[in-house]
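Student: Hi! Could you walk me through this model while I have it open on my screen?

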Amino acid sequence: MTGRAWIETCPDPDALAARAAGRFAEAARTAVEARGRFAVALPGGSTPRPVFERLAEPPHRDSIPWDRIELFWTDERCVAPDAPESNYGMARGALLDRVPVDPARVHRIRGEDPDPAAAAAAYAGELQATLGSPGGGPPHLDLALLGLGPDGHTASLFPGGQAIGSSGFAAAVPAADTLPPRVDRITLTPAALNAAREVAFLVAGRAKAEAVRAVLEGPRDPLRWPAQAIVPTRGTARWLLDAAAAARLDGIGEG
Ligand code: 6PG
């Protein structure tokens with residue numbers, strides 16, 4: 001994998017969640033001190049939920065400048081915001097309802113809209129309107145949290161998907177291209193994610209070990225392994241892994 005990638009291995013999922021919450025808090029304070037706000041994109045899935053829950057508890061609940069945070073999502077399922085599959089709904093239950101974020105700074109993806117492509121375009125516009133497009137370039141998130149699927153997908157960038165090569169900042173993804181739950185999705189694209197100052201992959205479990213190895217140590221093939229498309233242009237890629245997910249890496253895992 002090209003670009004700067006920092007790999008940190010934690011003993012188990014609980015330690016990974018603690019480390020990820022700590023990284024979020026560090027990045028938030030640094031960004032607010034430097035630019036007066038922290039623009040972060042949250043992922044869906046099961047791995048981030050314990051991270052969000054830790055952020056909603058002391059010490060992070062009381063030390064993060066929640067009112068200075070611009071919250072985005074890396075992707076969303078095309079369902080109602082209160083549907084069980086909703087990434088926004090999961091974050092709301094685990095975090096947003098428990099910390100003093102400014103509702104005007106919560107930028108959810110409108111997955112419920114009838115036209116996913118139009119909703120994706122609107123979301124790209126909201127991202128640019130909120131963060132600006134310096135010199136006409138992409139908007140810069142301070143941090144994008146990402147997961148990794150066993151097939152190497154990240155956000156809703158799935159193997160062979162057209163969104164991987166999109167020049168736009170958000171794209172609609174047809175259900176047929178996804179893994180369960182097979183619903184249409186909307187995703188940030190590599191064009192948007194690679195403009196972030198930092199992306200942090202949060203990966204736990206043995207089921208991800210082969211994908212982690214392929215993405216980090218295998219031949220470059222972003223269409224087959226979409227997480228390889230995430231190489232921040234000027235920012236940092238950080239991989240926070242538990243020991244099971246790192247098990248197939250040379251020099252780190254059990255081999
Ligand atoms: C989603 C996520 C997706 C997720 C991976 C890993 O909408 O589901 O954005 O990319 O991060 O599928 O999911 P787990 O954390 O549940 O393994």
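Student: Let's start with α1 and α2: is their crossing left-handed or right-handed?

Tutor: The crossing of α1 and α2 is right-handed. A crossing counts as right-handed if the near helix is turned clockwise from the far one by less than a right angle, and as left-handed if anticlockwise. Before we go on, this is a predicted model, where local features need pLDDT of at least 70 and side-chain atom pairs count only at pLDDT 80 or more, while totals for chains, interfaces and linings use all residues. Residues are numbered from 1 along each chain as its sequence is written, and side-chain values use heavy atoms, with hydrogens and water left out.

Student: Good to know. At what angle do α1 and α2 pack?

Tutor: Helix α1 (residues 13-35) and helix α2 (residues 48-55) pack at about 55°, and their axes are 8 Å apart. That angle makes α1 oblique to α2. The classes are roughly parallel under 35 degrees, roughly antiparallel over 145, roughly perpendicular from 65 to 115, and oblique for the rest. Axes are lines fitted to C-alpha atoms, for helices over the stretch in contact, and angles run from 0 to 180 degrees between N-to-C directions. Helices (H or I, at least four residues) and strands (E, at least two) are DSSP runs, numbered from the N terminus.

Student: Which residues in α1 and α2 meet?

Tutor: From α1, Asp 14, Ala 17, Ala 18, Ala 20, Ala 21 and Phe 24 meet Pro 50, Val 51, Arg 54 and Leu 55 of α2; contact means heavy atoms within 4.5 Å. By class, the contact of α1 with α2 has eight nonpolar, no polar and two charged residues. Here Ala, Val, Leu, Ile, Met, Phe, Trp, Tyr, Cys and Pro count as nonpolar, Asp, Glu, Lys and Arg as charged, and the others, Gly among them, as polar.

Student: And Arg 23, is it buried or exposed?

Tutor: Arg 23, which lies in helix α1, is buried, with a relative accessible area of 14%. Buried means under 20% relative accessible area, exposed means over 50%, and partly exposed is in between (1.4 Å probe, protein chains only). Leaving out residues up to four places away in sequence, Arg 23 touches Glu 198 and Arg 238.

Student: Switching to sheets: in what order do the six strands come?

Tutor: The six strands form an open sheet in the order β1-β9-β8-β5-β2-β3, with parallel pairing. Two strands pair if DSSP finds at least two bridges between them. At the edges are β1 (5-10) and β3 (69-73), each pairing on one side only. The twist averages 20° from one strand to the next. Helix α1 packs on this sheet, touching β1, β2, β3, β5, β8 and β9 (236-242), and its direction makes about 155° with that of β9.

Student: What about β5, which strands does it pair with?

Tutor: Strand β2 (residues 38-42) runs parallel to β5 and is joined to it by two bridges, with Leu 143 as the bridge partner of Val 40. On β8 (residues 198-203), the pairing with β5 is also parallel, over three bridges, and Ala 144 stands opposite Val 199. In a regular strand the side chains alternate between the two faces of the sheet. In β5 (residues 143-146) both faces are covered: Leu 143 and Leu 145 on one side and Ala 144 and Leu 146 on the other are all buried.

Student: And the sheet with three strands, how do they pair?

Tutor: Those three strands pair antiparallel, in the order β4-β7-β6, as an open sheet. The edge strands are β4 (75-77) and β6 (170-173). Four bridges join β6 to β7 (residues 185-188), and Ala 170 has Leu 188 as its bridge partner. Helix α5 (residues 116-131) packs on the sheet, touching β6 and β7, at about 160° to the direction of β6.

Student: What is phi of Ala 155 near?

Tutor: Phi of Ala 155 is near 50°, a positive value in a residue other than glycine. Most residues other than glycine have a negative phi. Ala 155 lies in the loop between β5 and β6 and counts as buried at 9% relative accessibility.
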